[in-house]
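Thanks for asking me to look this one over.

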Amino acid sequence: MRITNRVVPGAAAARDQPDGEQVPVAEYGSPLRVAALADLPAGEALRVTAVSPPVAVFRTEDGEVLAIDDTCTHQDASLADGWLEGCEVECPLHASRFDLRTGRVDAPPAKVGVRTHGVTVEDGVIWLHPSTAPPNLPPGLRP
Amino acid sequence: MGEVPRSVLVVGASLAGYSTARALRAHGYDGAITVVGEEAERPYDRPPLSKTYLTGRIGDADLSLEPEGERLGVEWLLGTRAVGLDVATRTVTLDDGRELGGDAVVLATGGQPHRLPGTADGLGGVHGLRSLADARALREDLRPGARLVVVGAGFVGAETACSARQLGLEVTVIEAAPAPLAASLGVELGLAVASVHQRHGVRLELGVPVAGLTGSDRVTGVELLDGTVVPADVVVVGIGSRPAVDWLAGSGLDLTGGVVASSTGAVAPGIWAVGDCSAWYDRARSGAHRTEHWTDAFERPAVVARSMLGLPPGALRAPYFWSEQYGIMIQFAGRYTGGEHVVVEAGSAETGDLLATYRRSGPGGREQVVAVLGMDQPRLFTRARRSLPGLDVAPDHEDQPA
């Protein structure tokens with residue numbers, strides 16, 4: 001497959017990282033077709049349930065397509081339903097905001113970030129490259 | 001305000017106090033911050049106390065508000081109660097006699113639950129639910145098969161009833177108002193929530209005032225105004241809370257309905273108030289209004305921090321709160337003041353997927369959406385919430401105290 005857009009590296013294992021820059025070591029599984037780019041308008045999100053745990057794919061107002069884990073790390077809630085502003089999404093239930101590029105969380109009640117996933121757009125189709133790092137699931141959903 | 005304070009003293013170590021310290025640091029403040037907390041605990045999250053913590057689904061560590069490794073550079077004085085404030089010198093007296101000062105003092109002492117009038121102290125099996133200690137004590141008493149009577153069908157009462165059902169107790173909820181959450185949601189949608197409780201086997205007594213409790217060492221029942229006694233092994237009193245401002249009596253501050261503050265939380269020179277203990281000026285209501293929601297205790301400290309540092313105060317969104325009952329996420333944003341007209345936009349309460357808007361006639365007779373309620377409709381709810389008008393945050397209203 002010819003990747004026309006860069007794979008957004010993000011921090012594949014974007015876990016608790018108080019400060020200290022973490023060098024992202026992005027490892028991705030086999031790509032998955034998400035949708036036609038035309039079917040994801042700017043400011044909207046899609047929930048990809050073909051992977052577990054599910055992934056949320058966002059198209060920002062600037063047109064960038066980015067993917068993070070869909071499940072908030074605080075409580076079982078779908079971030080694809082959240083409040084997207086710029087490059088951040090706020091959990092639809094509470095106030096935690098996740099950076100779509102790094103997976104980092106800026107505010108309680110969530111205390112750890114989510115994984116980011118690779119995204120490419122090829123010939124008008126969005127492809128997801130799921131992270132192979134372990135996810136940060138909320139209490140109650142942890143294995 | 002004048003210059004940036006060299007030291008900030010925050011009284012209250014729960015969400016509002018902690019968020020104030022966090023917001024100050026986030027805006028680059030590098031002066032001294034001291035946080036005084038009455039409870040011995042580090043800052044923790046209260047909403048789960050009546051839900052997943054009560055049912056044992058999450059534990060103590062999950063309640064912490066602080067991310068691991070966070071270094072705020074704050075001096076914590078926990079297990080220490082503030083007992084007085086001298087407004088002119090911004091000096092706080094603690095229960096051990098110590099006096100602390102700060103260039104700025106933030107009052108964030110929260111709320112305290114109302115007690116059932118006329119009930120004796122120390123009657124076993126009677127609980128309030130506000131603190132972690134309260135939740136631990138209640139958890140001990142919630143044994144499967146026991147009879148729980150919840151007095152009050154507000155958030156604490158409704159959520160406790162739901163958790164107790166999950167734990168296998170027999171539950172009766174007694175509410176003086178005609179519907180649960182009537183003050184927050186209105187009677188119409190409060191009754192919709194009531195139907196969810198009834199479907200889950202909770203006995204609901206609405207419009208029934210409580211006369212008192214029966215029992216000598218341990219509670220045996222709840223007596224209603226008509227003389228009926230509802231037998232109980234455990235009683236939870238959830239009849240609302242009042243601002244925890246007794247310690248400020250005699251300070252000269254206006255404590256009508258909470259520490260009265262401007263729309264940025266300013267109380268007096270160098271003194272601020274935020275969270276459940278405060279009543280900020282709300283232009284839409286033309287007066288001071290106490291908002292006891294988690295989100296406000298979380299977002300308003302940023303307004304206080306920015307104002308204190310001489311930065312533009314920023315914006316505040318419409319008030320927002322949530323509740324979870326029987327696996328249904330109930331979300332509400334905006335202001336319900338009574339008299340709004342409710343429109344069902346999607347789903348229904350019966351199917352647990354309701355989205356409803358509250359409308360009021362605006363200028364020119366046009367209807368304005370002023371609030372929205374969702375039941376398990378996070379996406380539609382968020383969309384509707386975004387379209388609600390925010391709060392005016394302007395430090396120079398004439399009718400503000402500071």
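The points below go from the two chains to their interface and then to a few individual residues.

1. A word on the model first. This is a predicted model, so please read every distance and area here as computed from predicted coordinates.

2. Let me start with chain A. Chain A has nine strands and zero helices, and its order along the sequence is simply β-β-β-β-β-β-β-β-β. Of its 143 residues, 55% are buried. Among contacts in chain A with a separation of 6 or more, 49% are between residues 24 or more positions apart.

3. Chain B is divided into three parts: domain 1 (7-112 + 242-308), domain 2 (115-239) and domain 3 (327-386). Note that domain 1 is written as two segments, 7-112 and 242-308. The centres of domain 1 and domain 3 of chain B, taken over C-alpha atoms, are 31 Å apart.

4. Now the interface. On the chain B side 29 residues are in contact with chain A, and on the chain A side 27 residues take part. The area buried between the two chains is about 2,300 Å², with carbon and sulfur atoms giving 48% of it. In chain B, the residues that lose the most area to chain A are R317(B), R379(B) and R386(B), which together account for 25% of what that side buries.

5. How many polar links cross this interface? The count between chain B and chain A is five salt bridges, and 15 residue pairs are in polar contact across the interface, with both residues at pLDDT 80 or more. The elements of chain B that give two or more residues to this side are α1 (15-26), α2 (60-63), α7 (294-308), β23 (320-325), β24 (328-334) and α8 (378-386). The largest share comes from α8(B), with six residues. By class, the chain B side has twelve nonpolar, four polar and 13 charged residues.

6. For a specific cross-chain pair, look at R383(B) and E44(A). Their side chains meet in a salt bridge, at 3.3 Å from N to O.

7. Is Q75(A) buried or exposed? Q75(A) counts as buried because its relative accessibility is 18%, and the cut-off for buried is under 20%. The side chain of Q75(A) makes a polar contact with the side chain of E324(B) at 2.8 Å. Leaving out residues up to four places away in sequence, Q75(A) touches L93(A), H94(A) and P138(A) from chain A, and E324(B) and M329(B) from chain B.

8. The salt bridge of E90(A) with R97(A) is worth a look too, at 3.2 Å from N to O. E90(A) counts as buried because its relative accessibility is 2%, while R97(A), at 30%, counts as partly exposed. The pair belongs to a network of salt bridges that also takes in E299(B), R317(B) and R385(B). R317(B) is one of the three chain B residues that lose the most area to chain A.

9. Over all chains, the salt-bridge count comes to 31. One of them, within chain A, joins the side chains of R115(A) and D69(A) at 3.0 Å, N to O. R115(A) lies in the loop between β7 (97-99) and β8 (116-122), D69(A) lies in strand β4, and the two are 46 residues apart. Both R115(A) and D69(A) are buried.

10. Chain B has a salt bridge between distant parts of the chain as well. E159(B) and K51(B) meet at 3.3 Å, N to O. E159(B) is in helix α4, K51(B) is in the loop between β2 (32-37) and α2, and 108 residues separate them. E159(B) is buried, with a relative accessible area of 4%, and K51(B) is buried at 10%.

11. Finally, helix α3 (residues 132-141) of chain B. Its buried residues are L132(B), A135(B), L138(B) and D141(B). In general, an α-helix has 3.6 residues a turn, so residues three or four places apart point the same way. The buried residues of α3(B) pack against α2, β9 (126-127), α4 (155-166) and β16 (234-237) of chain B.

Key
Residues numbered from 1 in each chain as written. Chains lettered and ligands numbered in written order. Predicted model: local features only at pLDDT ≥ 70, side-chain atom pairs only at ≥ 80, totals over all residues. Heavy atoms only, no water. Contact = heavy atoms within 4.5 Å. Buried area = accessible area lost by both parts, 1.4 Å probe. Salt bridge = Lys/Arg side-chain N within 4 Å of Asp/Glu carboxyl O. Polar contact = N/O pair within 3.5 Å; in protein donor to acceptor, adjacent residues only side chain to side chain. Helix = DSSP H or I, 4+ residues; strand = E, 2+ residues; numbered from the N terminus. Nonpolar A, V, L, I, M, F, W, Y, C, P; charged D, E, K, R; others polar. Domains from an automatic or database assignment. Buried < 20%, exposed > 50% of the residue type's maximum accessible area, 1.4 Å probe, protein only.
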